[in-house]
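Thanks for making the time this morning. I would like to walk you through one model, starting with charged pairs, then moving to the cores and finally to the sheets.

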Amino acid sequence: MGNWKTRKWNCLKVAVCFSLLLCIGRPVSAQIRYTVPEEVTRGSVVGNIAKDLGLDTGSLLERRFRIVSGSEEPLFEVNQNNGVLYVHRNIDREELCDASGACLTNLKIVVENPLEIHYVDVEITDVNDHSPKFRESEQHFDMGEQTIVGTRFQVQGAWDPDVGMNSVRFYKLNQNDQFEIETRERHEEKIPFIVLKKALDREMKSIHRLVLTAIDGGSPPKSGILNITVTVLDSNDNRPVFSQETYAVDLKENVPVGTTVIKIKATDLDEGSNGDIEYVLGRNLNRKVYEVFQLDSITGEIRVKGNVDYEDTQIYKLDVEASDKGQPPLTVEAGLIIKIIDVNDNTPDIDITSVSNIVSEDSKPGTVISLISVTDKDSGDNGKVMCSLPDNVPFELKPSFKNNMYSLVTKGQLDREVTSHYEITITATDFGQPPLSTSKTLKIEISDVNDNSPQFPHNPLELYLEENNAPGASILSVTASDRDLDENAAITYHIVRNEETQNDMASFLNINADNGHIHALKSFDFEKVKTFQFQILAKDSGSPPLSSNVTVKVYILDQNDNPPVILSPVSANGSAEGVEELPRNVNAGHLVTKVRAYDADVGYNGWLLFSLHKVTDHTLFGLDRYTGQIRTLRSFTETDEAEHKLTIVVKDNGNVSLSATATVIITVVEPKEAFAASDVKSTVSNEDESNVTFYLIITLGSVSVLFLVSIVVLIAMQCSKSTDYSSKYLQDTNYDGTLCHSIQYRSGDKRYMLVGPRMSIGSTIVPGSNGNTLVVPDRRSRTSGELIGGI
């Protein structure tokens with residue numbers, strides 16, 4: 001199988017090159033060569049590829065050590081356990097290769113992780129397994145008796161499929177007195193001739209029978225025989241003559257059947273039948289010649305009768321014989337060389353060896369995706385190939401050290417969220433005229449990495465929640481989206497809690513980590529808390545996980561859950577009942593008393609309306625529905641009763657209104673009695689007024705001190721944000737002491753607006769300040785009883 005030292009030296013060079021390629025860090029390739037004779041038994045060892053390449057035999061199976069072959073049954077296989085290359089099926093060199101030249105089989109060896117491609121050439125050497133054969137078992141010659149001694153007659157040569165020393169080496173003629181054998185080299189073949197060595201005498205012997213033996217150079221040699229019959233005739237003294245000894249012509253492949261290749265012509269000086277010439281092809285030609293060409297025996301035209309394929313045969317060598325019709329006929333030979341010109345009739349073939357069709361989106365530029373080899377059966381420029389990719393893909397082709405070998409690598413950053421897969425069309429185009437091309441599509445999937453954090457559609461979120469919500473019920477559902485896939489997009493939700501939020505409203509909330517449903521653990525009361533906010537964290541399940549926050553602002557909406565409360569009149573036992581004495585001589589429109597009430601709700605839920613439910617005399621007393629003031633409608637008469645009972649109903653304006661009832665008993669007295677009672681009340685009122693004045697002085701002093709401290713703090717804060725949280729007191733000069741109001745909430749500046757039937761729309765109460773305290777100005781023009789009732 002070749003010289004051992006030479007093979008060992010070649011293997012050492014291959015191993016060194018392989019190691020250098022590994023150090024570089026790119027996909028490596030190497031090429032080695034083995035020799036094996038044909039007809040060896042199946043399973044015969046050709047060589048140890050793994051050992052010659054320096055591969056670890058223990059990892060061959062894991063690295064998928066294999067031969068990449070076409071669809072035909074391969075001649076060779078490799079053992080993945082030890083790296084041995086062995087014969088897989090019977091090898092017939094004559095079936096695989098032409099008779100001339102070395103018979104090489106190219107193998108492509110692939111190992112993965114990392115991907116390597118190695119090229120192995122196996123030379124099939126010839127053994128002497130064929131005997132020489134003549135195409136015909138007999139050949140006949142007609143010779144005139146006047147034939148000159150030394151005349152040569154070409155005999156059909158023997159054909160042996162073997163090559164080299166195993167082909168035909170010499171010819172041997174049986175022992176006779178008339179003829180001897182002579183061979184000549186033509187077109188690298190041995191052409192036998194029988195040579196007349198003694199003049200013929202038809203009268204002595206008209207037929208000579210000869211046996212020609214062809215012997216090859218094998219060990220042991222093999223042979224074949226041809227029976228030659230020579231009939232002695234009367235002579236024809238002029239031979240045909242060709243215009244030239246050897247003809248040459250160029251012919252393009254794929255020409256149509258019937259195309260004339262060349263017309264050869266021979267002349268004969270004889271006349272009549274002795275000058276008529278017939279043309280025939282020589283009998284020692286390659287069998288493909290007879291399949292592709294035909295010769296017109298009359299005109300000498302050689303035409304195409306089969307497929308002319310440059311990739312099959314590049315040169316045809318023919319022998320043409322011209323014979324006259326004399327008795328005996330004379331024959332002459334000429335050579336013809338037909339050179340086939342290649343045309344661009346084969347498209348390139350693309351072979352893709354993929355490392356993996358899944359590529360991570362965080363792969364660095366230059367990552368190898370596939371190895372691509374391109375072949376073209378044509379020659380010259382027709383066989384040169386250029387590969388290309390579309391411009392709109394983040395991949396490129398890097399040429400390899402071996403011709404028509406490329407690496408498909410990444411050339412930019414990949415983003416699965418933009419493009420999740422690519423269908424890359426690889427186009428191979430040759431340089432022929434016109435050029436031919438072929439394409440192959442490679443599908444590449446981009447795998448996901450956790451490079452996108454969860455995102456909420458809006459930030460912040462606003463929730464308007466009615467008070468008195470059911471504890472444990474869902475109040476809000478939040479949803480975040482993640483552009484990643486699978487675990488990288490699996491989101492869990494959490495409420496952000498820390499030491500600062502332990503006493504915050506967020507401690508009364510709970511969230512479902514899987515679906516983002518938020519539940520309130522308690523019922524909220526608008527009268528206690530009107531707004532608060534908390535944060536929700538959305539976190540994916542990637543490694544490492546990514547997260548984002550969203551702020552949820554909660555606004556509690558008021559419900560009509562508080563009934564009106566009667567502030568005046570109130571009796572000693574706490575019931576809403578009062579007694580008023582009224583002089584009989586008062587005029588119409590006199591203020592008898594005022595019913596005062598308060599509702600903790602806001603807006604329409606806290607807007608109170610007064611109505612007379614029961615009254616002794618509808619013509620005598622009237623009630624203002626907004627202020628609760630009771631006034632006389634006319635003057636008293638002698639016939640009017642001395643005592644009147646009024647039942648007043650106070651209702652709010654909620655969807656389902658709530659109400660309270662007050663009772664006022666009015667006693668009509670004579671003016672003197674009324675005056676005495678008035679003096680008593682005035683004395684009590686003066687004492688109470690003195691106490692109120694004292695408390696007001698203390699309050700005003702405290703407010704002044706606080707005001708000065710606030711001014712100092714504001715100056716120190718310089719340009720800090722103005723929150724406009726100072727209280728503004730109600731300045732309505734017509735305020736009558738009834739706490740009838742509507743609170744409207746403005747989310748933009750976080751203000752509540754107190755609106756009542758006789759209140760300025762600009763009066764505000766700011767959350768967090770003392771604006772919830774209603775400050776009533778001192779109305780000295782009113783009676784002491786009205787001031788006390790207002791407070």
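This is a predicted model: local features need pLDDT of at least 70, side-chain atom pairs count only at pLDDT 80 or more; totals for chains, interfaces and linings use all residues.

R303 is partly exposed at 23% relative accessibility, a class that runs between the limits for buried, under 20% relative accessible area, and exposed, over 50%, computed with a 1.4 Å probe on protein chains only. Its salt-bridge partner is E301, with 2.5 Å between the closest N and O atoms, and E301 is buried, having a relative accessible area of 18%. By salt bridge I mean a side-chain nitrogen of Lys or Arg within 4 Å of a carboxyl oxygen of Asp or Glu, and by that rule the count comes to 19.

Residues are numbered from 1 along each chain as its sequence is written, and side-chain values use heavy atoms, with hydrogens and water left out.

The element names come from DSSP runs, numbered from the N terminus, with helices (H or I) of at least four residues and strands (E) of at least two. E112 also meets R66 in a salt bridge, at 3.2 Å from N to O; because E112 is in the loop between β6 and β7 and R66 in strand β3, this pair ties together parts that are 46 residues apart in sequence. As for accessibility, E112 is buried, at 9%, whereas R64 is partly exposed at 44% and R66 is partly exposed at 23%.

Let me turn to the nonpolar cores, each a set of buried Ala, Val, Leu, Ile, Met, Phe, Trp, Tyr and Cys residues joined through side-chain atoms within 4.5 Å. The largest has 30 residues, and those with the most contacts inside it are F242, L251, F293, I302, L318 and I338. Several elements supply at least two residues each, including β18 (246–252), α4 (287–292) and β24 (315–324), and β25 gives the most, with five residues. Taking contact as heavy atoms within 4.5 Å, and not counting residues up to four places away in sequence, I302 touches T259, T260, V261, I262, F293, Q294, L295, L318, V320 and L336. Apart from this core lies another, of 29 residues, among them L465, Y493, I511 and F532.

Now the strands, where two are said to pair if DSSP finds at least two bridges between them. Strand β34 (residues 461–466) pairs with strand β40 (residues 547–557) in the parallel sense over six bridges, and E466 stands opposite L557 in β40. On the other hand, strand β39 (residues 531–540) pairs with β40 in the antiparallel sense over nine bridges, with T531 opposite Y555, and a hairpin of six residues joins β39 to β40.

One is with the side chain of E417, at 3.2 Å, and another is with the side chain of D451, at 2.9 Å. Leaving aside neighbours within four places in sequence, N452 is in contact with E417, D482, R483, D484, D540 and L546.

Finally, four strands form an open, antiparallel sheet in the order β26-β28-β31-β30. Because β26 (349–354) and β30 (395–399) stand at the edges, each with a single partner strand, one side of each is left without a neighbour in the sheet. β26 pairs with strand β28 (residues 368–375) over six bridges in the antiparallel sense, and S373 in β28 is the bridge partner of D351.

Notes: A polar contact is a pair of N or O atoms within 3.5 Å; within protein, one must be able to donate a hydrogen and the other to accept it, and residues adjacent in sequence count only if both atoms are side-chain atoms.
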